[in-house]
Amino acid sequence: MAFSVRVYFINFGNLHKTRLIGQVRRLADEFGRPGIVGKRGRTNQCVRQQGYLRIVWPTRRLARQFQYAVAEFWGDRTSTRRFKIC
């Protein structure tokens, strides 16, 4: 069972859109191999077209930790939702 976390970008503030999207994508790298594999194929261009970033995590614990990290750094500019993938 895997868990998908979607990060929706609400307000970019004074940051450029690509910079904020890239920062959130790079945050997944800090979680090691699961973060790198989970964001595979999600480029900045793809995220801008879809309107959200989707990262697949192998465990609920990693998905929750990623959500907390995103909220800590960009809580006022992003929102996250977690989905279970069967």
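**Figure 1. Cover over the buried residues of helix H1.** In this predicted model, the buried residues of H1 are covered by elements that include E1, helix H2 (33-38), helix H3 (44-50), E2 and H4. Contact here means heavy atoms within 4.5 Å. Helices (H or I, at least four residues) and strands (E, at least two) are DSSP runs, numbered from the N terminus. Within H1, the buried positions are Leu-20, Ile-21, Gly-22, Val-24, Arg-25, Leu-27 and Ala-28. Buried means under 20% relative accessible area, exposed means over 50%, and partly exposed lies in between (1.4 Å probe, protein chains only). Helix H1 (residues 17-29) has 13 residues and, at 1.5 Å a residue, should span 18 Å; its end C-alpha atoms are 19 Å apart, which agrees. The expected span is 1.5 Å times one less than the number of residues in the helix. Residues are numbered from 1 along each chain as its sequence is written, and side-chain values use heavy atoms, with hydrogens and water left out. Because the model is predicted, local features need pLDDT of at least 70 and side-chain atom pairs count only at pLDDT 80 or more, while totals for chains, interfaces and linings use all residues.

Figure 2. Three strands form an open sheet in the order E2-E1-E3, with antiparallel pairing. Strand E2 (52-57) and strand E3 (78-85) stand at the edges with a single partner strand each, so one side of each is left without a neighbour in the sheet. Neighbouring strands of this sheet are turned by 20° against each other on average, direction ignored. Strand E1 (residues 2-9) pairs with E3 over 8 bridges and with E2 over 6 bridges, again in the antiparallel sense. Two strands count as paired if DSSP finds at least two bridges between them. Phe-3 stands opposite Lys-84 in E3, and the bridge partner of Phe-3 in E2 is Trp-57. E1 is mostly covered, with 6 of its 8 residues buried. Helix H4 (residues 60-74) lies across E1, E2 and E3 and runs at about 175° to E3. Axes are lines fitted to C-alpha atoms, for helices over the stretch in contact, and angles run from 0 to 180 degrees between N-to-C directions.

**Figure 3. The largest nonpolar core.** This core has 19 residues, of which Val-7, Phe-9, Val-24, Leu-53, Trp-57, Phe-66 and Val-70 touch the most other members. Two or more residues each come from E1, H1, E2 and H4, and H4 gives the largest share, 6 residues. A nonpolar core is a set of buried Ala, Val, Leu, Ile, Met, Phe, Trp, Tyr and Cys residues joined through side-chain atoms within 4.5 Å.

**Figure 4. Surroundings of Trp-57 and Gly-35.** Not counting residues up to four places away in sequence, Trp-57 touches Ala-2, Phe-3, Val-5, Ala-28, Phe-31, Pro-34, Gly-35, Leu-62, Ala-63 and Phe-66. Gly-35 is found in helix H2 and is buried, with a relative accessible area of 0%. Apart from its neighbours within four places in sequence, Gly-35 is in contact with Ala-28 and Trp-57. Gly-35 and Phe-66 are 31 residues apart along the chain, and their C-alpha atoms are separated by 9.0 Å.

**Figure 5. Ser-4 in strand E1.** Ser-4 lies in strand E1 and is buried, with a relative accessible area of 2%. The bridge partner of Ser-4 in E3 is Phe-83. The side chains of Ser-4 and Arg-54 make a polar contact (3.2 Å). A polar contact is a pair of N or O atoms within 3.5 Å; within protein, one must be able to donate a hydrogen and the other to accept it, and residues adjacent in sequence count only if both atoms are side-chain atoms. With neighbours within four places in sequence left aside, Ser-4 is in contact with Arg-54, Ile-55, Val-56, Arg-81, Arg-82, Phe-83 and Ile-85.

**Figure 6. Arg-42 in the loop between H2 and H3.** Arg-42 is buried, with a relative accessible area of 18%. A polar atom of the Arg-42 side chain lies 2.9 Å from the backbone oxygen of Arg-40, and the backbone oxygen of Arg-54 lies 3.1 Å from a polar atom of that side chain. Arg-42 and Arg-54 are 12 residues apart in sequence and 7.5 Å apart in space, C-alpha to C-alpha. Not counting residues up to four places away in sequence, Arg-42 touches Arg-25, Leu-53, Arg-54 and Val-56.
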